[in-house]
Amino acid sequence: MKLLPDDLTRLADVALAAARRTGRYISETRPTVVRQDKDGDCLAAQVLTEVDGQSQEMILEILRPTFAEFDLALLAEESEDDGSRLEKDYFWCIDPIDGTLSFIENAPGYSVSIALIARDGIPQIGVVYDPVEHNLYHAIRGQGAFRNSEPWRLAQNGDRLRIFTDRSAAAEPWFAPANEVLQAEVAAHGGGVMNAIWTLENPPACYFKYPKERPGCGCFWDFAATACIAHELGAVATDIQGHRLDLNRRDSIYLNHGGILYATDGELAARVRGLYEEYRA
């Protein structure tokens with residue numbers, strides 16, 4: 001079934017309610033159990049708290065009625081990928097706590113992220129809740145972007161270029177040479193969702209990762225919601241070579257094959273792509 005604009009508005013309202021409720025719960029909760037038994041090639045992919053699972057269930061309690069009504073599939077970080085995202089026309093894509101390291105450290109950089117993605121991999125709805133600042137961001141494809149329910153537009157460019165990045169990317173051998181050319185301020189290390197949000201809030205700014213062979217540190221749920229928001233703001237959210245983010249790959253849920261690039265304008269995105277081509281050469 002094809003979702004109509006009114007359907008997307010209804011579903012966005014449900015996702016907003018789920019993100020708001022869960023984000024407020026997270027803001028009032030501290031992790032008491034931390035396990036490091038998840039697979040992944042960086043610490044951020046390996047840590048898990050008991051709050052991750054509780055938050056996911058809280059989100060699903062609110063979203064669950066929509067599965068039957070709109071024939072939706074599910075891909076969520078704390079659940080197995082059952083392949084239904086490849087069969088249904090749309091699927092919810094959920095990260096109950098992105099930026100778990102920041103959450104454990106009680107530092108800014110963690111968030112709730114909920115997206116609705118079409119089977120072709122194009123995000124239709126993106127919702128992000130920041131439990132630290134209690135800001136709620138969302139976008140609906142073709143209907144604009146919003147911050148705390150008010151229309152959101154990119155601010156005028158500031159004087160200083162900023163890079164927002166996670167710890168694993170900042171440690172890669174390509175990062176320091178790229179930053180030296182860009183002459184940017186490395187502004188923060190958060191989870192992928194808040195790195196993208198901070199980028200969009202602070203023009204001129206960018207957030208990028210070069211491709212790598214090994215899967216890890218970047219799945220659909222890390223970028224789906226913010227890609228929708230960026231697109232509605234007129235910003236860039238692509239892979240490192242400028243191709244559309246493939247948010248429903250059949251063979252993998254990871255995006256390491258193409259890297260990611262968020263930028264507040266096309267000229268800055270072109271500069272970052274050029275640096276990658278020089279590095280690859």
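## A buried strand residue

T238 is buried (under 20% relative accessible area, with over 50% counted as exposed and partly exposed in between, for a 1.4 Å probe and protein chains only), with a relative accessible area of 13%. T238 belongs to strand β13, residues 236-238; helices (H or I, at least four residues) and strands (E, at least two) are DSSP runs numbered from the N terminus. Residues up to four places away in sequence aside, T238 touches H243, L245, G259, I260 and L261, where contact means heavy atoms within 4.5 Å.

The model is predicted, so local features need pLDDT of at least 70 and side-chain atom pairs count only at pLDDT 80 or more, while totals for chains, interfaces and linings use all residues. Residues are numbered from 1 along each chain as its sequence is written, and side-chain values use heavy atoms, with hydrogens and water left out.

## The open sheet

Strand β13 is part of an open sheet of 5 strands with mixed pairing, in the order β11-β10-β12-β14-β13; two strands pair if DSSP finds at least two bridges between them. At the edges are β11 (185-189) and β13, each pairing on one side only. From one strand to the next, the twist averages 20°. Strand β10 (residues 162-165) runs parallel to β11 and is joined to it by 4 bridges; among these strands' residues, I163 has V186 in β11 as its bridge partner.

Helix α6 (residues 175-182) packs on this sheet, where it touches β10, β11 and β12, and its direction makes about 160° with that of β10. Axes are lines fitted to C-alpha atoms, for helices over the stretch in contact, and angles run from 0 to 180 degrees between N-to-C directions. Helix α7 lies across β10, β11, β12 and β14, at about 150° to β12.

## Nonpolar cores

A nonpolar core is a set of buried Ala, Val, Leu, Ile, Met, Phe, Trp, Tyr and Cys residues joined through side-chain atoms within 4.5 Å. The largest one has 40 residues, and those with the most contacts inside it are C93, V128, I229, L245 and Y262. Elements that each supply at least two of its residues include β3 (73-76), β4 (90-98), α7 (192-201), α8 (220-233) and β14 (260-263). Helix α8 gives the largest share of this core, 10 residues.

Beyond its neighbours within four places in sequence, Y262 is in contact with residues including A196, T199, Y207, F223, A230, V236 and L245. A second, separate core has 32 residues, among them I59, Y90, F103 and V112.

## Helix pairs

The axes of helix α1 (residues 5-27) and helix α3 (residues 50-70) come within 9 Å and cross at roughly 165°. That makes the two helices, α1 and α3, roughly antiparallel; angles under 35 degrees count as roughly parallel, over 145 as roughly antiparallel, 65 to 115 as roughly perpendicular and the rest as oblique. The crossing of α1 and α3 is right-handed, meaning that the near helix is turned clockwise from the far one by less than a right angle.

Helices α6 and α9 (residues 266-280) pack at about 135° with their axes 11 Å apart, and are therefore oblique to each other. A178, V181 and L182 of α6 make the contact with R271, V272 and L275 of α9.

## Two hairpins

Strand β8 (residues 144-147) runs antiparallel to β7, with 4 bridges between them. The hairpin of β7 and β8 has 3 residues between its strands, and G142 in the turn has a positive phi of about 80°. In the hairpin of β8 and β9, 2 residues lie between the strands and N148 takes a positive phi near 50°.
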